[in-house]
Amino acid sequence: MDHEDLSFDEHDELLNPRPEETEFDRIVDTALSRRGFLGGVMTFGLGTFLVGTTALTREAQAGDRFGFAQVAANTDDTITVPEGFEWEPVVQWGDPLWSGVEGFDDVTRGTAATQARAFGDNNDGMSIFTRNGRTVMAINNEYTNRKIIWGNRPEGKPETGDDIEKGMMAHGVSVFEVARDEKGAWQVVLDSELNRRITPRTEMDLTGPAAGHDLLKTAADPSGTKTLGTWNNCGNGETPWGTYLTCEENFNGYFSAADEAHEVSAELKRYGVSSKDWGYGWAKIDERFDVSKNPNEPNRAGYVVEIDPFDPTSTPKKRTALGRFKHENAAVVIAANGKAVVYLGDDERGEFLYRFVSHGTYAATGDNSDLLESGDLFVAKFHDDMRGEWLALTPETTGMSDAEIRIHTRQAASKVGATTMDRPEWVAVNPTKAEAYVALTNNKNRGKKPNKGGDDTPANGPNPRVGNNYGQIARWMPDNEDHSAPGFAWNLFALAGNPEVHDDAYAGSENINAGNMFNSPDGMAFDETGLLWIQTDGKYSNEGDFAGMGNNQMLCGDTVTGEIRRFMVGPKECEVTGICWSPDRRTMFVGIQHPGEKGNSHFPRGGTSVPRSGVFAIRRTDGGLIG
Ligand code: FEO
Ligand code: CA
Ligand code: CA
Ligand code: CA
């Protein structure tokens with residue numbers, strides 16, 4: 001197998017193999033097949049987890065709320081939108097944010113110096129902010145594909161320190177002003193004083209309960225409160241007080257040990273840190289990424305970072321109160337009692353779903369800058385009777401200090417017996433109803449292997465399928481319509497699957513059909529009308545279990561009727577991730593990440609051009625509202 005083509009998950013698996021199947025796992029497998037799980041249980045088992053199945057239709061209904069006709073799956077190297085819609089690029093990897101910076105060069109693919117002043121690579125979560133008539137976008141640049149960013153080098157391997165630094169500068173967050181040109185198209189405002197690149201070298205504060213703890217201290221920062229940079233920023237969030245939240249996900253893949261005899265601690269192994277990095281080479285140019293020399297450095301990553309998008313001189317704040325894990329996104333909602341509630345997924349097989357509830361309350365016209373500084377952290381427990389509860393992570397329940405809970409959050413959640421999940425990706429909160437949705441993207445280990453902490457992962461309520469290659473979307477309704485309540489009711493909105501290939505639970509739920517099928521839901525957001533937009537990051541072979549699904553895509557779900565309809569298909573070998581709307585809701589911005597990650601795309605410029613991740617604007621040709 002070619003190492004270079006491995007996905008994040010596959011790399012992680014290779015460097016941190018999960019325990020082999022145990023006797024316990026075999027017993028679970030046998031028990032499940034005896035219960036006829038793969039056959040008949042659907043009727044009384046899975047079926048009971050799905051609400052209103054009779055209302056879920058296999059055909060489009062007249063008078064629906066979508067306002068578009070379904071797009072067919074395809075494997076084209078372009079973006080496909082419904083009739084009556086159009087799309088255009090806004091910004092792509094390597095586009096300068098300042099004049100005087102050389103534009104993207106297909107031959108060299110840039111230098112560290114140009115990359116540090118240009119839009120980063122592999123954009124993911126993004127938000128848009130307006131203030132005093134000006135509009136700013138904040139966009140995560142999650143990671144790089146070696147064969148693309150170093151495609152000018154043999155085998156896509158960095159040859160010089162500048163190559164490695166270029167890769168590093170392609171990470172972080174890009175913040176820039178946008179405005180419409182004379183044709184109405186959204187463009188980057190070059191040289192705006194609001195433009196900013198946040199990189200793995202930007203100074204940041206460590207704040208909250210873990211700040212200053214011994215585990216966060218390094219030779220360069222004996223205080224444990226000042227750190228440099230953010231990287232592998234996946235999903236995002238935004239607060240009602242106008243700040244951007246960027247979420248550190250696979251931070252582990254950047255650390256390595258020059259000393260091959262170095263034994264990585266069990267605590268770091270839980271987070272996937274090992275003596276080998278994933279090919280980025282950062283330790284070669286910056287010793288802090290060498291865990292044999294700086295074993296505490298990885299404890300300073302894996303957080304949610306709060307950024308003021310309108311102050312390029314501000315110091316981003318890592319909010320340790322929200323815990324440390326492989327953060328996907330941060331879905332913020334103000335609860336009925338004024339507390340800021342943040343829902344948080346930990347995207348790894350068999351890890352958990354979390355909730356933060358602030359100690360302070362939100363003041364619409366006051367200072368909310370410290371609201372994410374302190375609060376209570378909870379982890380979800382789903383019961384098979386369709387009820388659930390938020391288990392508090394406290395010194396009493398975990399035997400760990402408040403600081404340790406925020407640094408070794410996974411271990412704390414394991415101690416209280418939280419529900420192991422099928423890789424929680426984005427959480428989306430419905431603005432029209434007290435409910436929240438989580439994309440559980442897939443989990444081939446479900447029912448087969450424990451998680452990294454050794455917790456068994458038998459099939460359970462919201463994660464009902466062993467060897468889950470398709471994923472599902474679960475939702476919960478907090479008691480008393482209060483997002484800070486201790487309990488909730490839950491059910492499944494959709495089980496992805498392939499009804500053309502399977503006739504059991506892997507066919508998916510009733511609202512999945514030959515026309516709209518997909519796999520691996522990931523990015524998710526509600527628009528203002530309460531429609532749920534679903535983006536996928538799955539298998540695009542269009543064969544076997546995935547036949548008929550085509551490229552990764554974006555769908556729209558009506559959470560009242562249960563209907564799901566495909567809105568957009570992305571180009572070859574991409575994932576669709578990141579979504580936000582212009583203030584007038586006449587433009588939808590969508591991210592296309594890693595087109596051609598296996599070498600088979602020239603999106604978006606065609607010909608023989610280098611494929612580039614980017615942000616694309618989608619509008620109705622009649623100029624109407626979109627979402
Ligand atoms: Fe960066 Fe879990 O996706
Ligand atoms: Ca994701
Ligand atoms: Ca994903
Ligand atoms: Ca991704």
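Asp286 is buried, with a relative accessible area of 14%, where buried stands for under 20% relative accessible area, exposed for over 50% and partly exposed for what lies in between (1.4 Å probe, protein chains only). The side chain of Asp286 meets that of Arg201 in a salt bridge of 3.0 Å from N to O, the term being used for a side-chain nitrogen of Lys or Arg within 4 Å of a carboxyl oxygen of Asp or Glu. Because Arg201 lies in the loop between β6 (196–198) and β7 (203–207), and Asp286 in the loop between α8 (266–270) and β11 (304–307), the pair ties together parts that are 85 residues apart in sequence. Arg201, in turn, counts as partly exposed at 33% relative accessibility.

All of this refers to a predicted model, in which local features need pLDDT of at least 70 and side-chain atom pairs count only at pLDDT 80 or more, whereas totals for chains, interfaces and linings use all residues. Residues are numbered from 1 along each chain as its sequence is written, chains are lettered from A and ligands numbered from 1 in the order in which they are written, and side-chain values use heavy atoms, with hydrogens and water left out.

A search of the whole structure finds 41 salt bridges, and one of them joins Arg65 to Asp558, with the closest N and O atoms 3.3 Å apart. Since Arg65 belongs to the loop between α4 (46–49) and β1 (85–92) and Asp558 to strand β24 (residues 553–558), this pair ties together parts that are 493 residues apart in sequence; helices (H or I, at least four residues) and strands (E, at least two) are DSSP runs, numbered from the N terminus. Arg65 is partly exposed at 39% relative accessibility, while Asp558 is buried at 5%.

Another salt bridge, at 3.6 Å from N to O, is formed by the side chains of Asp402 and Arg406. Both residues lie in helix α10 (residues 402–407), four residues apart, which is about one turn of the helix. Asp402 is partly exposed, with a relative accessible area of 40%, and Arg406 is buried, with 3%. Salt bridges also link Arg270, Lys326, Asp346, Glu348, Glu351, Arg410, Lys452 and Asp455 in a network.

Because Glu328 lies in strand β13 (residues 327–334) and Asp522 in strand β22 (residues 521–526), the pair ties together parts that are 194 residues apart in sequence. Glu328 is buried at a relative accessible area of 0%, and Asp522 is also buried, at 3% relative accessibility.

Strand β22 has six of its six residues buried, so it is largely enclosed by the rest of the structure. The strand pairs with β23 (residues 531–536) in the antiparallel sense over four bridges, pairing being assigned if DSSP finds at least two bridges between two strands. Ala525 has Trp533 of β23 as its bridge partner. Together β22 and β23 form a hairpin with four residues between them, and Gly530 in the turn has a positive phi of about 90 degrees.
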